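Walk me through this structure. Keep it brisk, and give the cut-offs as you go.

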Amino acid sequence: MLLTVLVILCALALLLVFLMLPGESMLDKRRPFWGVNFAHRGLHTQDKSVPENSLLAFTKAVEAGYGIELDLQLSSDGEVMVFHDDDVKRVCGVEGRLDSFSYDELRAMRLHHTNQRIPTLREVLALVGGAVPLIIELKRSARNDQLCQESWKILRTYDGDFCIESFDPRMVRWYKKHVPGILRGQLAAPPKELNSGAAGVLVGLGLANFLGRPQFIAYQNGPKPISIALEERFAMRVVWTARDAKTAPRLEEENDAVIFEYYTPEPRFKQPPSEEPELPDDAFVFPEEITEKDITETLLLDEDEDTVPPEETVPEGTVPSTEAPPEEPAPKKSPLSEETSPPEPPPAKAPPKAKAPPPKGKKNPPPDDTLKDKP
């Protein structure tokens, strides 16, 4: 019985790991987004004078050096538009879903009674021009695959840093399957906030990662379930949406990227984890007064200090001798050298006396002026 219970528990644990495990990503993929503050729907203003998801809001974000978060949807005729809400009532004052209007009809609308229009993805990319990184949210609808396909047709030619995210793990899965080299993220919030039944529970608790294997988790600002906290140990941590400058330092400490609005933080709050600080140009240059001779003499001095013979120990109860140690007898000359040495010439013109060769098996000693004691 106990064995059966253990087997069931192990199986459940493996199932949870399979459901929750995020995808792997290289640092080079994460580097452009790490430690960046992203302007939520551009750097729009609370009084609506700079509307959200407008070219003006994106221009101001680029000028300030912020990353940009934006939303994609399809018009009825398949144009990729940058807009957040499913319907256009709140922002444009017109009844109806965005995907029920054509491109021309949407272009005739204005954002919050300003002169700003709903932009297309092509227009936004042309404006940003790779100046700042982008987080692109794919809005779910009945045409998920079409939005993924049409957005990628445009993004594939963009020369700039971008990643994708979605609340719908099936859209994250599409990019995993067709464009695995693009950094992808799972948007999530507490299940009660998602209001999507069983699917919302899976996404809110991080149990739908097996579909898209997201490489970052973008979770709503606030308490997180323990399952999300565990997943964030293996994935980038992104928080949305920060709106209070007072809590910004804490959010920046707890996360790897922050999506914000209505305040102006620093564009980047930390560097990627493996990036080492640059060393000064003269970090490995010796001072001019130190020469090779100084270094050589120092090394020789250290060698002499290391070769000092240890003091001789005297057994207890004995008196150390004060007599000088007997001199070692000089090495005897080889008979061979005596027999073969030439006769001595007159003293006035005597050449230097030849030295006797060392005994067999020993090397010639060095000249007297360089002879040193060895340990």
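Leu72 sits in strand β2; strands (E, at least two residues) and helices (H or I, at least four) are DSSP runs numbered from the N terminus. The model is predicted: local features need pLDDT of at least 70 and side-chain atom pairs 80 or more, while totals for chains, interfaces and linings use all residues. Residues are numbered from 1 along each chain as its sequence is written, and side-chain values use heavy atoms, leaving out hydrogens and water.

Leu72 has 0% relative accessibility and counts as buried. Buried means under 20% relative accessible area, exposed over 50%, and partly exposed in between, with a 1.4 Å probe and protein chains only. Leaving out residues up to four places away in sequence, Leu72 touches residues including Val80, Phe83, Leu121 and Leu147. Contact means heavy atoms within 4.5 Å. Phe83 is 11 residues from Leu72 in sequence, and their C-alpha atoms are 6.0 Å apart.

The arc is taken over the directions from the helix axis to the C-beta atoms. Gly129 follows α6, with a positive phi near 60°.

Now take helix α3, residues 55–64. Ala57, Phe58 and Ala61 are its buried residues. Seen down the axis, they fall within an arc of 95°, so they line one face of α3. They pack against β1 (36–40), β2 (67–74), β3 (80–82) and α6 (121–128). Gly65 follows α3, and its phi is positive, near 85°.

Next, a loop. Gln215 lies between α11 (209–212) and β7 (216–220). Is Gln215 buried or exposed? Gln215 is buried, at 2% relative accessible area. Its side chain reaches the backbone oxygen of Glu24 at 2.8 Å. Leaving aside neighbours within four places in sequence, the contacts of Gln215 include Gly23, Ser25, Ile182 and Met236.

Finally, the surface. Leu2 belongs to helix α1, residues 2–20. Leu2 is exposed, with a relative accessible area of 62%.

How values were computed: Polar contact = N/O pair within 3.5 Å; in protein donor to acceptor, adjacent residues only side chain to side chain.
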